[in-house]
Amino acid sequence: MKIGIIGAGNIGGNLTRRLTALGHEVSVANSRGPQTLTALAEETGAKPVSASEAAKGAQVVVVTVPLKAVPDLPTGFLDGAAEGVAVIDTGNYYPQRDGRIAAIEDGLTESRWTERQIGHPVIKAFNGTYAQDILDRGRPQGTPDRQALPVAGDDPAAKQAVRDLIDELGFDTVDGGGLDDSWRQQPGTPVYGNRGDAEAITKGLAEASPERAAEFRA
């Protein structure tokens, strides 16, 4: 599968490592240019590209940049993606880093905000996952206590594509509902950073409060 990854930080870098190891054709971009991704490319075999090229022909695109950087993504960066491309948003709103985003403070879910910025539906996943776990904690399907990740989004086909990819990475998934329900997996909720199995994640989603924790408000 052709996969584009925009953002080569902890999550983006480790997804590049695992997805190339699984045989996927990965293009990776960051804000500083492909010349700064030489080491990652040599390590993984991924193709370093500009952000405007990362989605070209891709069936899955991962947007894993700080929220404050989302509006700066190149206009039309998804135009060359495969038809029906699934766009994964791994982002979280941290006001101390991102500044105050009024719409999110007023109750818009973080991924809905990102969706509006890029003009394409997104699937929220990996936002509460420790980056190192992507490398270390994947297990074969059916393994007892296999770690599960919540996945939220409005497009059933795209959501299933993302869930299948996460399964391939070695994790179970739990349907987190539509994007307007994705507050249940935002920072400060019971599933954020939760390494539990599918039962634990299902319980955590159900117990989440829509009230944003004080430390995650501007």
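Two strands pair if DSSP finds at least two bridges between them. Keep that in mind as you look around this predicted model.

**Stop 1: the sheet**

Select strand β1 (residues 2–6) and strand β2 (residues 25–29). These two strands run parallel and are joined by five bridges. Which residue of β2 is the bridge partner of Ile5? Click on Val28, and you have found the partner.

Four of its five residues are buried, so β2 is largely enclosed by the rest of the structure.

Next, select strand β3 (residues 47–48). This strand pairs with β2 in the parallel sense, over two bridges. You can pick out both partners in β3: Lys47 goes with Ser27, and Pro48 goes with Val28. To see how the chain gets from β2 to β3, colour helix α2 (residues 38–44): together β2, α2 and β3 make a right-handed β-α-β unit.

Time to zoom out. How many strands form this open sheet, and in what order? There are six, arranged β3-β2-β1-β4-β5-β6, with parallel pairing. Look at the two edges, β3 and β6 (123–124): each of these strands pairs on one side only.

**Stop 2: helix α7**

Select residues 156–169. This is helix α7, with 14 residues, and from its first C-alpha to its last it reaches 20 Å, close to the 20 Å expected at 1.5 Å a residue.

Show the side chains of Ala158, Lys159, Val162, Leu165, Ile166 and Leu169, which are buried. Turn the view until you look down the axis of α7: the buried residues fall within an arc of 125 degrees, so they line one face of the helix.

Now visit the two ends. At the N-terminal end, select Asp155, which caps α7: one of its side-chain oxygens lies 3.0 Å from the backbone nitrogen of Ala157. After the helix comes Gly170, with a positive phi near 110 degrees.

**Stop 3: the aromatic rings**

Finally, select Tyr94, Tyr192 and Phe216, which form one aromatic cluster. The structure holds two aromatic pairs.

Start with Tyr94 and Phe216. Their ring centres are 6.3 Å apart and their planes stand at 45 degrees, so this pair is tilted. Trace the chain between them: Tyr94 sits in the loop between β5 (86–89) and α3 (95–98), while Phe216 is in the segment after α8 (198–207), 122 residues apart.

Is Phe216 buried or exposed? Phe216 is buried, at a relative accessible area of 14%, whereas Tyr94 is partly exposed, at 22%.

Then bring in Tyr192 and Phe216. Here the centres are 6.2 Å apart and the planes are at 75 degrees, so the pair is edge-to-face. Tyr192 lies in the loop between β8 (172–175) and α8, 24 residues from Phe216. With 28% relative accessibility, Tyr192 counts as partly exposed.

Terms used: Residues are numbered from 1 along each chain as its sequence is written. This is a predicted model: local features need pLDDT of at least 70, side-chain atom pairs count only at pLDDT 80 or more; totals for chains, interfaces and linings use all residues. Side-chain values use heavy atoms; hydrogens and water are left out. The expected span of a helix is 1.5 Å times one less than its number of residues. Buried means under 20% relative accessible area, exposed over 50%, partly exposed in between (1.4 Å probe, protein chains only). The arc is that of the directions from the helix axis to the C-beta atoms. A polar contact is a pair of N or O atoms within 3.5 Å; within protein, one must be able to donate a hydrogen and the other to accept it, and residues adjacent in sequence count only if both atoms are side-chain atoms. A crossover is right-handed if, with the strands pointing away from the viewer, the path from the first strand over the helix to the second runs clockwise. Rings of Phe, Tyr and Trp (its six-membered ring) pair if their centres lie within 6.5 Å; planes under 30 degrees apart count as stacked, over 60 as edge-to-face and the rest as tilted.
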